[in-house]
Amino acid sequence: MTDVGHIPVLLDEVLAHLRPEPGSVVLDLTLGRGGHALTLGTAAMPGGHVIGVDADPGNAEFARKRLSDSNLPCTIRHENFARVGEVMRELDMQADVVLADLGVASVHLDQAERGFSMMADGPLDMRLDPTGPTTAADVLNTMPEADLAHLIRTVGEEPLGRQIAAKIALQRQQGPMTTTEHLRSLVLDVYGPRARDSRRHPATRTFMALRIAVNDELAALDTLLARIRQAAHGGQWLAPKARVGIISFHSLEDRPVKRCFAELAADGLGHVSQRSGFVPSDEEIDRNGRARSARLRILELA
Ligand SMILES: C[S@@+](CC[C@H](N)C(=O)[O-])C[C@H]1O[C@@H](n2cnc3c(N)ncnc32)[C@H](O)[C@@H]1O
């Protein structure tokens, strides 16, 4: 991690394929700590403008300051990117370059009090937007066992999802689960000696599944893709020949992105750069382990 709290992944590829030109409007839908936005926005100068959106008001504010300190004209919104249509309508602007870099920033994992990390004890929160309605504790303590098992198995791709859900259901009969340490040790119990064979921490997949559920991340992505489809068909917030990049970290995110871009290309509305997308080099993965599962897909509107 850097002092800004996040290393932007696939930065060279993002810049090379989104290619902002001087005067471009750059729309970063997952502003995070502003790393991608700073690079894209700088390439859009002179005359460009950065619009930044983030569900986390702390990240939005951090990035706003970072961009302003670099004298980049910017408009920052604390919003979910599912509301991109409304945001762009309110601003009455069209984007030439759009980026969504899904998931959490490293800084989320480093703040124990946000509850994303299994490496430090904290409350079971996991909300990207601290004003959001549902915490990880709510999900763990109220979701029916079968749904919990489905979530951990399918979204988390955790082979022991059913056993973990059963243990959670048993545990919560004694009282609500409230801490990340509690969940982490419960998963370790389920794994038992199998934990030794696990390449990643055994609780990684369970934590990820919960985070995706708490923030309704797959539904937000579906809505974003629907807005991109609409805009590609009828102008609205995407400028002619706009370039859209989405970086995903999970096959359940990558699959709908791939499908959406391929459909738009098949309808003659755009062109997909490199059909398999772009993945990080070994050198980038060595430098930033978080990049390991990243895949960037690019759509250029016709
Ligand atoms: C991987 S980080 C982005 C890092 C950023 N590209 C950078 O260079 O610093 C993802 C960011 O997207 C935000 N985010 C995730 N889902 C979101 C959504 N549906 N709407 C808005 N922001 C979202 C998170 O709060 C987080 O700050």
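Me: What is the strand order of the sheet, and what is the pairing?

Reply: The sheet is open and has seven strands in the order β3-β2-β1-β4-β5-β7-β6, with mixed pairing. Strands pair here if DSSP finds at least two bridges between them. Helices (H or I, at least four residues) and strands (E, at least two) are DSSP runs numbered from the N terminus. This is a predicted model, in which local features need pLDDT of at least 70 and side-chain atom pairs count only at pLDDT 80 or more, while totals for chains, interfaces and linings use all residues. Residues are numbered from 1 along each chain as its sequence is written.

Me: Which strands are at the edges?

Reply: β3 (74–78) and β6 (270–278) are the edge strands, each pairing on one side only. On average, neighbouring strands of this sheet are turned by 10° against each other, direction ignored. Axes are lines fitted to C-alpha atoms, for helices over the stretch in contact, and angles run from 0 to 180 degrees between N-to-C directions.

Me: How many bridges join β4 to β5?

Reply: Six bridges join β4 (residues 95–101) to β5 (residues 238–248), and the two run parallel. Val98 has Val244 in β5 as its bridge partner.

Me: Which strands does α11 touch?

Reply: α11 packs on the sheet and touches β4, β5, β6 and β7 (295–301), with its direction at about 160° to that of β5. Contact means that the C-beta atoms of two residues, placed from the backbone, lie within 7 Å. α2 lies across β1 (25–28), β2, β3 and β4, and runs at about 170° to β1.

Me: Turning to β1, which way do its residues point?

Reply: Val25 and Leu27 point one way, Val26 and Asp28 the other, and all are buried. Buried means that 20 or more other C-beta atoms lie within 10 Å of the residue's own, with C-beta atoms placed from the backbone; exposed means 12 or fewer, and partly exposed is in between. In a regular strand the side chains alternate between the two faces of the sheet. Four bridges join β1 to β2, which run parallel, and Asp28 stands opposite Gly52 in β2.

Me: Which residues come nearest to the ligand?

Reply: Of the 23 residues around the ligand, Pro8, Thr30, Gly32, Gly35 and Ala55 come nearest. A residue is near a molecule if its C-beta atom, placed from the backbone, lies within 6 Å of it. The elements giving two or more residues to this shell are α2 (35–43), β2 (49–54) and α11 (217–234).

Me: Where is Asn80, and why does it count as buried?

Reply: Asn80 is in the loop between β3 and α4 (84–91). Asn80 counts as buried because it has 22 C-beta neighbours inside 10 Å. Leaving aside neighbours within four places in sequence, Asn80 is in contact with Ala55 and Ala220.

Me: And where is Glu253?

Reply: Glu253 is in helix α12, and is buried because 20 other C-beta atoms lie within 10 Å. Apart from neighbours within four places in sequence, Glu253 is in contact with Leu102, Leu221 and Ser248.

Me: Which residues of α7 are buried, and what covers them?

Reply: In α7 (residues 145–155), Leu148, Ala149, Leu151, Ile152 and Val155 are buried. Their cover includes α8 (161–172), α10 (204–214) and α12 (251–266).
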